[in-house]
Amino acid sequence: MTQQAFSVKRAQVEFHNFASLGEPERAMAAYLEENNRRNGIIRSHLEFIGPMTPFLEIGANAGHTSYLLCNEYSANGFALDISADALRHGVSLQDAWDLKQAPVRVAGDGAHLPFKDGSIRFAMTHQTLSQFMDLDAIFTEITRVLAPGGVFLFSEEPMRRMLSLRLYRAPYEREMKGWERKLHQWGLLGYLVRDVIGAHQEESFGIRQNHTLTLNHWDALVRRHFAAQEYALFVPERGWGERWVKKLAVKLDPYGSVWRAAKLLGGTIAAVCRKAGEPVLPSMERFETLLRCPDCHGDLHLEDADSVLICASCGYRAENEGQVFNLLPSAERRELYPGNRADVIDFSLPGHEPHLGEGWYALEGPFGNKYRWIGRRATATMSRVLQGPLKLRIRGFAQELIFVAGRPQVQLRVNGAMAGEWTLDRVGLFILEAPVPDAEDYSIEITASPVWQSPGDERMLTVNLSMLRLVPQE
């Protein structure tokens with residue numbers, strides 16, 4: 001089984017770049033809340049965890065929880081995410097939070113970790129495992145890099161609930177309609193939904209979600225790979241609809257635990273798991289000795305005043321770009337980070353302007369959330385780079401004010417022919433994809449309605465866009 005399709009990896013790079021600090025105030029508040037929650041789990045299992053150096057956080061996003069380990073526990077280690085941009089944006093957290101210590105930041109693939117066997121004492125991941133299809137393969141990879149006696153902590157992973165009609169996919173709470181929000185507050189929405197609330201947004205972005213594991217499945221998975229384990233279960237208590245059922249399930253449980261409630265209502269699981277063997281503590285004195293080349297698995301060496309990692313066997317190079325080493329395999333790195341290319345218009349990258357035609361307003365936004373407003377019509381030009389059938393992928397955002405004027409409509413014409421037409425039904429991020437004809441060059445025309453104005457702003461606006469990209473039809 002393939003853990004992740006390449007299109008999913010591409011979507012993760014885009015999403016984490018956008019979501020890491022695209023809305024800085026909201027993101028930083030969320031990161032603080034997540035760190036408080038995760039720190040509570042770590043503290044309650046400190047004796048089981050033991051030494052944390054060297055650590056590895058997989059799916060670190062902006063690296064905020066890795067900063068927690070460095071500064072609160074004086075641990076040393078690595079923050080790994082497939083999005084180098086998210087890790088670069090996260091550097092700003094050091095100034096914002098007045099942090100003295102930082103992890104080594106590595107862009108890499110969680111399914112193919114660029115680390116040597118037995119090189120890590122403590123691995124952790126949060127809200128990440130459910131993005132992989134073959135979790136046995138992921139656990140095998142994690143145990144490979146763990147030293148004997150090493151510990152793996154995962155948290156905030158969804159448990160599939162039994163008590164649900166699975167009729168409906170619910171958005172994030174901030175994007176819910178009035179009736180959805182009310183059912184959510186009463187604790188009734190979970191009895192209707194197919195999977196985790198908000199999963200639909202990430203899947204619409206192109207990120208596949210694996211929400212098939214019940215509590216028993218998680219337990220069996222952990223026991224197949226680890227010698228000892230401790231769990232923490234977090235069962236929802238939203239409103240009377242879930243609070244009463246949870247209370248009854250705990251009362252009926254022969255041990256008075258939340259195990260039965262977790263089966264019925266789902267929620268999230270955290271686990272701290274120990275690998276078999278007499279504990280070994282790898283040295284972090286020279287961090288590059290713990291890494292391996294993502295292409296040939298050879299040794300990596302630091303050169304050029306510690307600014308470049310080089311493989312002596314195959315010549316692989318990874319420069320320190322914005323305090324991040326990109327250790328993705330060469331073929332993936334070229335496609336996931338194409339830079340300024342004829343088939344990509346990424347507003348977060350300088351030099352995209354020559355692609356743009358009429359109808360674009362000035363560039364706005366921070367970090368990976370760079371965007372341009374359009375009015376009723378905007379045009380652009382792109383050219384083929386990849387062979388085979390292509391589709392155009394458009395990323396944008398619909399503000400609440402456009403819905404006051406009416407339901408947003410977006411139309412796409414490519415080389416003069418209608419390629420796609422969409423009606424947006426929710427505020428927030430949207431992804432639109434449409435096949436394009438077989439051609440070398442493409443003339444893009446995007447029209448949107450209704451037109452609206454923000455108070456005090458003379459511009460006539462519809463939606464804002466942050467990326468256009470030609471991608472293979474998979």
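Trainee: Is glutamate 242 buried or exposed?
Mentor: Buried: in this predicted model, glutamate 242 has a relative accessible area of 0%.
Trainee: And which residue does glutamate 242 form a salt bridge with?
Mentor: That would be arginine 238, with the closest N and O atoms 3.2 Å apart. Arginine 238 counts as partly exposed, at 33% relative accessibility.
Trainee: OK, how many salt bridges does the structure hold?
Mentor: There are 37. Some share partners: Glu14, Lys391, Arg393, Arg395 and Glu433 are joined that way into one network.
Trainee: What does lysine 9 pair with?
Mentor: Lysine 9 meets aspartate 109 in a salt bridge, at 2.8 Å from N to O. Lysine 9 sits in helix 1 (residues 6–21), while aspartate 109 is in the loop between strand 3 (104–107) and strand 4 (120–126), so the pair ties together parts that are 100 residues apart in sequence.
Trainee: How accessible are those two, aspartate 109 and lysine 9?
Mentor: Aspartate 109 is at 2% relative accessibility and lysine 9 has a relative accessible area of 6%. The cut-off for buried is under 20%, so aspartate 109 counts as buried, and lysine 9 does too.
Trainee: Now lysine 116. Which aspartate does it bridge to?
Mentor: Aspartate 299, where the closest N and O atoms are 3.1 Å apart.
Trainee: Switching to helices. At what angle do helix 7 and helix 10 cross?
Mentor: Roughly 35 degrees, and the axes come within 10 Å. Helix 7 covers residues 135–145 and helix 10 covers residues 215–225. The crossing is right-handed.
Trainee: Which residues make the contact?
Mentor: Helix 7 brings Leu135, Asp136, Phe139, Thr140 and Thr143, and helix 10 brings Trp218, Leu221, Val222, Arg224 and His225.

Definitions and conventions: Residues are numbered from 1 along each chain as its sequence is written. This is a predicted model: local features need pLDDT of at least 70, side-chain atom pairs count only at pLDDT 80 or more; totals for chains, interfaces and linings use all residues. Side-chain values use heavy atoms; hydrogens and water are left out. A salt bridge is a side-chain nitrogen of Lys or Arg within 4 Å of a carboxyl oxygen of Asp or Glu. Helices (H or I, at least four residues) and strands (E, at least two) are DSSP runs, numbered from the N terminus. Buried means under 20% relative accessible area, exposed over 50%, partly exposed in between (1.4 Å probe, protein chains only). Axes are lines fitted to C-alpha atoms, for helices over the stretch in contact, and angles run from 0 to 180 degrees between N-to-C directions. A crossing is left-handed if the near helix is turned anticlockwise from the far one by less than a right angle, and right-handed if clockwise. Contact means heavy atoms within 4.5 Å.
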